[in-house]
Amino acid sequence: MLKKVVSLIVVSTMLFSVTISASFAKGWGKDKSWKVEKTFEKFNQTAFLTNKVFDDLEGYSWARKAIEKMAKKGLIEGYGKGIYAPKKPVTNLETIIMCLRIMGWQDQAKLVRELPKKYKGKKVGEWAKGYINVAYEKGILDDVDMMYFNPQGPAKRHEVAKYVIRALGYEEEAKKHMKDELPFVDAPAVPLGSVGYVYLANELGLMNGDPQKRFNPMGTMTRAEMAVLFSRLDDKVDSDVDDKEIIGVVDDVYEQNLVLKIDKELKAFTVNENTIIYNGEKRIDFSDIKKGYRVRVELENGEVVYIEVLKNDDSVQKIIVRYTGEVKEISKAEPRRIAVQIKQMLAIFDVLKDAKVKFKNERGRFEDINIGDTITVIVDKQNRIREIFVHRERVRKEIEDEYEIEGILTSIDENSIKITVSEKVYEFDIDRDVKIKIEGRDADLSDLIEGMEIEVKIEDGKVELIKAKALELEIEGKIVAITDYKSGIKLTIQTDDEEYEYMISKDVEIELEDEEDAIIDDLKVGQKGEFKIINNLIVKISIED
């Protein structure tokens, strides 16, 4: 019987460095100075105080640290040439993208090239469609957002609170607080459907009112304010399996080296001239770092790019925490639970019904986890597991005669199919009589198109069923050629980036401003408009005046 754990206090750090070797340890003199065989070239110490991430942060001392920290972590970007534009309002799309980056879902968004079927909002750039799709899948955007979402519209503060709380997975908890009293003088201005989100955003210390206790729910958020908000969120979320953040105690500082003691082990890190260093809200020099300082460092390509000196009271209560340990016991009956040995403590977690399980090579099931596996779990503040990463490849047992793989269709021919799953490509042999369904309807191999989201069902080592989602695409451009084939009409469309060629569906819907019942013959070279494509067929054409 698994016993309930009332309290969990664990510090789990994933390290990206080379452990100090025994030969280096021997060079540790009585004065504790770091002795190395290699001589490092001296570099300008004042560079740490004078270098800049952005050139337009004058007057934003209250946000500079957050902006520079988030930029160094690769979580926010500027507009090039040293421009961050701190005063510029944040758009709804920018807010969504930030939520996905903080939660570690950006790579998934980059693999997707289509909008959700239900999306009826304003136009979205091709590069951003995956972000909208994943945001909808993760519950950050809902069905109402699919109808009215305006990507480039300025994000209102109450909407930002909604997106952030949903990203954290606290939608249900927010609903419980929809009728609670808010501690702001302008609380009546908060839309009724956002009260619970604003309540939690304030309760979790993410979004607070101004000195006059105003939340300003209908006001827009600037890019400077966004950096501060998401810096707070980043501090409270520990969700990346491959985290590059390290906390340790300074044991020595020498030339370009920072030596930290982490869990009783010494590790050396290289610091370059572009590293940003903070003690509190003040920028400091690398030489100002002293032995005994507790610091947080951010790594990029193995080198330190950001250092922050931590005070004793700088510990932040995490909203989402990551733990790594060995599986000691599993309860696969409802409610599902798992016991994990984390250092000196046995921790027991409930597992959410929709918790995702990932192995090194592919997705898996909770039932695939074995006692003795090393796992990393992502846990919410109620100690419920929402994601599990198993530190081994998923091995299918001989007795397992059925399993499924989900991914993006990379290529297909008469004999094989390739699927990309988390940037890894898998190939399966297929027969011509394989059963195929697209959006639940029977289809043929020729109907499958690269880029589709597909689910492949394997039985006895053979592909038995392929389920696919229709590939939808919307482009805006100019008709530069109309070609008449025996099989139908093909349009060549010139966009800002490249040319596209698609056949027109026999059931195409054509909208011309001056024609109520427009037909294909009304299309002319040179016309500009929007074109909706499903499975490589143009199904809707809207020609501009």
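Biologist: Which domains each give at least three residues to the lining of the second largest pocket?

Modeller: This is a predicted model, where local features need pLDDT of at least 70 and side-chain atom pairs pLDDT 80 or more, while totals for chains, interfaces and linings use all residues. Residues are numbered from 1 along each chain as its sequence is written, and side-chain values use heavy atoms, leaving out hydrogens and water. A pocket here is an open set of 1 Å grid points where a 1.4 Å probe fits, with protein on both sides within 12 Å along at least five of seven lines, and lining residues have an atom within 4 Å of a point. That lining draws at least three residues from each of domain 1 (60-236) and domain 3 (328-390), with bounds from an automatic or database assignment: domain 1 and domain 3.

Biologist: Which residues lie nearest the centre of that second largest pocket?

Modeller: The second largest pocket holds about 730 Å³ of space. Its lining has 26 residues, and helix 8 (157-167) and strand 10 (345-358) are among the elements giving it two or more. Nearest the centre lie K138, G169, L352, D354 and R386.

Biologist: How many residues of that lining are charged?

Modeller: Asp, Glu, Lys and Arg count as charged. The lining of the second largest pocket also has 9 nonpolar and 4 polar residues. The charged ones number 13.

Biologist: What is the angle between the planes of F54 and Y84?

Modeller: The whole structure has 7 aromatic pairs (ring centres within 6.5 Å; under 30 degrees is stacked, over 60 edge-to-face, the rest tilted). F54 and Y84 make a tilted one, 5.1 Å centre to centre, and these partners sit 30 residues apart in the chain. Their planes are at 40 degrees.

Biologist: Is Y84 buried or exposed?

Modeller: Buried means under 20% relative accessible area, exposed over 50%, and partly exposed in between, with a 1.4 Å probe. F54 comes in at 8%, so F54 is buried. Y84 has a relative accessible area of 0%, so Y84 counts as buried.

Biologist: Which residue puts its charged end over the ring of Y84?

Modeller: For Arg, that needs CZ within 6 Å of the ring centre and within 35 degrees of the ring normal. Over on F215, R157 lies 4.7 Å from the ring centre. At Y84 the distance is 4.2 Å, and the residue is R223.

Biologist: Where is N301 found?

Modeller: N301 has a positive phi near 55 degrees without being glycine. At 71% relative accessibility, N301 is exposed. N301 sits in the loop between strand 6 (294-300) and strand 7 (303-310).

Methods: Grid points are joined across faces, edges and corners, and a volume is the space filled by probe spheres set on the points. Helices (H or I, at least four residues) and strands (E, at least two) are DSSP runs, numbered from the N terminus. Rings of Phe, Tyr and Trp (its six-membered ring) pair if their centres lie within 6.5 Å; planes under 30 degrees apart count as stacked, over 60 as edge-to-face and the rest as tilted.
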